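I opened a new structure and kept notes as I went. Here are the entries in order.

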Amino acid sequence: MDHTQSATEPQQAGSSTADTVLACATLAAVPLVLSACGGGGGGGGGDGDGDEPAPLGPAITFTGLTIAVTTSTAAAVHIDAVAADAEGAAAFRLDGGSGTVSRPRDPGHRQAESLYEFAISAEGGMGSATGTCVVRINPAPEDILSESDARVLSLRHLFNRMSFGVGEEELGRWLNVPYAEAVQRIVDAADPSQTTQRPPSAATFHVLTWTEYDRLSPAEQQAYGDSKGDAISGIYAWWWREIIRTRQPLLEKMALFWHNLLVVAASDVFEPRAMWGYLDLLRSNALGSYRDLILAIARDPAMVMFLDSNSNVKGRPNENFARELLELFTLGEGHVYGEADVVEVAKCFTGWGITDRQVFVLRQDRHEPGAKTVLGSTISFADDDPEQVRKDGEAVIERVLQESRVAVFICEKLWDEFVGGARDDGMIAGWADTFRGSGDYDIRRVLKDIFTSSAFTAAGNRGNMIRSPVEYAAAIFRATGLQPGRYIDYYWRASQEDQALLNPPNVRGWVGGLQWISAKTLLERRTHMAWTGWEFYNHGSQKVPERLDGVLELLWFATPVAQRAYVDDAVLITWDPRGERIRRLLTDPALNCK
Amino acid sequence: MPLTITSIAVELRGAVAQDITALEIDGDPVAIAADRSWRHVVTVPPTTTVVAVTAIAPSRSQTRMVEIGSAAAPAAPG
């Protein structure tokens, strides 16, 4: 018969860990800022936009534990020389102990581990027994997250593709959760309203009309232009910061994916409020309905400006948006539609424009009257219907979305993004059925199919895609929990590697893949690796929490294991082994792949 | 029948910060008391187990790990 009950004593709260903010001045690169504990707030850096919230205390503290021992027969139990109660239990504070008796303690988030072994003895009429209970708080990731563990490898692959790399915390969180359940929960939980920062100043930028602008002096016009540039830079920094700090990276990854499909370039539009609205639209709809996303992008002021939709008017249709809608957003070049369809779609969108204040507007007086024939279907609303301008545009979108090709087109793009390599048309067709069959082009639903598919999870599919400049930089910071001192600097670095966030090179977006390691971009990446390596090296030489002194180990842990070419310590004969190891790790192909 | 230790259980206790709205342990929700405290019982296996404690707030989340293990020596007759 078992004898088990437990009782506890009142416990004191564990000690808190003060946030630590450090800055490293480096020769030619930006300072890194360390934010310890909390995972949010408390850090320095930033660029003025997206103000830092007040520092937060430790999210989790361990205050105590009770060990309860069950014996086969009645026995007097001692746990670490403390007599257990009648139920075989003894309680301990996690305060490091007192007197000559040491106790485990909570070292705090990301601090060195605290290990303690409780000796257990039981004495009873039927003999005696001994045992040990070991409690280790903050075990090192390389100890508990064994690379030979299939769960770790599959989780790391998932985060390398659907996120921007992964650190020990995220992996640890999902370690004991079944893979399919983890996918479902991660996809379902992403919430665009949950950001780590307030919107940038661009969100409330005052837009001057052309009349107001013409009344300004040359100096005032210059100042207005400069303020627009500053506000737009604030958007770049905001998104970089969100990508690196978000706790729902899938949402940012999908926003980036849609940005590369529904392209608008900030350098062309150069209007802060409109560009912020565009980014906000992408993020708000990133995991919703693709139908809603297309309807929204057709009305987006930044898109209107980018594709000159204001000049698409009765008698003089501008085909830009119509062509992009069919060729780049829904069907793909050479599929289903013809040139006549482009013209007719353009007519449907005549009168869709923006006001002087860059607010979307429907102008019936600029709308092409009459019926339009698109993809063999007639769209016809009465010419005296004041809503014809709206109805024609919405109806043509609905007509295009009826084509089965739309779901296939988007799923092909999703394959290229998340799986890579030669497409499996049969599997893509299955995903497309899910996407289309959801009734609303449900993005979350098809992503769940993708992340649990055999193509995605195959072991041979791991670590064989090249990280983009944004992904590479974000992976380093997300893996280590460090932050750049100035996020805008990473915008400029990535732009030198041909990925200027919010400024794709053309309407077709970034090609990706080997483009990221061309003769030019590889040299730029190599230079930036060296800067980052120098920053990390200096970080290790400062007084940082002991766990984070192992920046190298954290990075090493975050890299796909299969393709590492990293050189063993034994062959590094240099006066600066740590710096050299950091440099080699950052240049290792494995860290550059996902 | 000789005396043996048949099982060991560890009740972990802790606290969460004021902004934390949810707590999970290995993916399962754990109640947060009014005083911000929480508790969770782990049955200790013969080897080791790792428990992931995740606190979730609107602007942050944090996961901390605890490794728990045990070993029992062979029973001695009374």
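**Entry 1, ground rules.** I am reading a predicted model, in which local features need pLDDT of at least 70, side-chain atom pairs count only at pLDDT 80 or more, and totals for chains, interfaces and linings use all residues. Residues are numbered from 1 along each chain as its sequence is written, with chains lettered from A and ligands numbered from 1 in the order in which they are written.

**Entry 2, where the chains meet.** I looked up the contact between the chains and found 48 residues of chain B in contact with 56 residues of chain A (contact: C-beta atoms, placed from the backbone, within 7 Å). On the chain B side, β1 (5–16), β5 (48–56) and β6 (61–72) each give two or more residues; strands here are DSSP E runs of at least two residues, helices are H or I runs of at least four, and both are numbered from the N terminus. I sorted that side of chain B by class and got 28 nonpolar, 13 polar and seven charged residues (nonpolar: Ala, Val, Leu, Ile, Met, Phe, Trp, Tyr, Cys and Pro; charged: Asp, Glu, Lys and Arg; polar: the others, Gly among them).

I then checked the strands. β3 of chain A (residues 60–71) runs antiparallel to β1(B), joined by 11 bridges; pairing takes at least two DSSP bridges. A:Ile67 stands opposite B:Val10.

Among the contact residues I noted A:Ile235 and A:Trp239 of α6(A) and A:Trp276 of α9(A). The contact holds eight nonpolar residues, no polar and one charged.

The axes of α16 (residues 425–437) and α17 (residues 443–451) of chain A come within 8 Å and cross at roughly 155°. I therefore list α16(A) and α17(A) as roughly antiparallel (over 145 degrees). A:Trp431 of α16(A) and A:Arg445 of α17(A) are among the residues in this contact.

A:Arg323 and A:Glu324 are among the buried ones. The cover includes α7 (249–261) and α13 (339–348) of chain A. Just after α12(A), I found A:Gly332 with a positive phi of about 90°.

How values were computed: Axes fitted to C-alpha atoms, helices over the stretch in contact; angles between N-to-C directions. Parallel < 35°, antiparallel > 145°, perpendicular 65-115°, else oblique. Buried ≥ 20, exposed ≤ 12 C-beta atoms within 10 Å, placed from the backbone.
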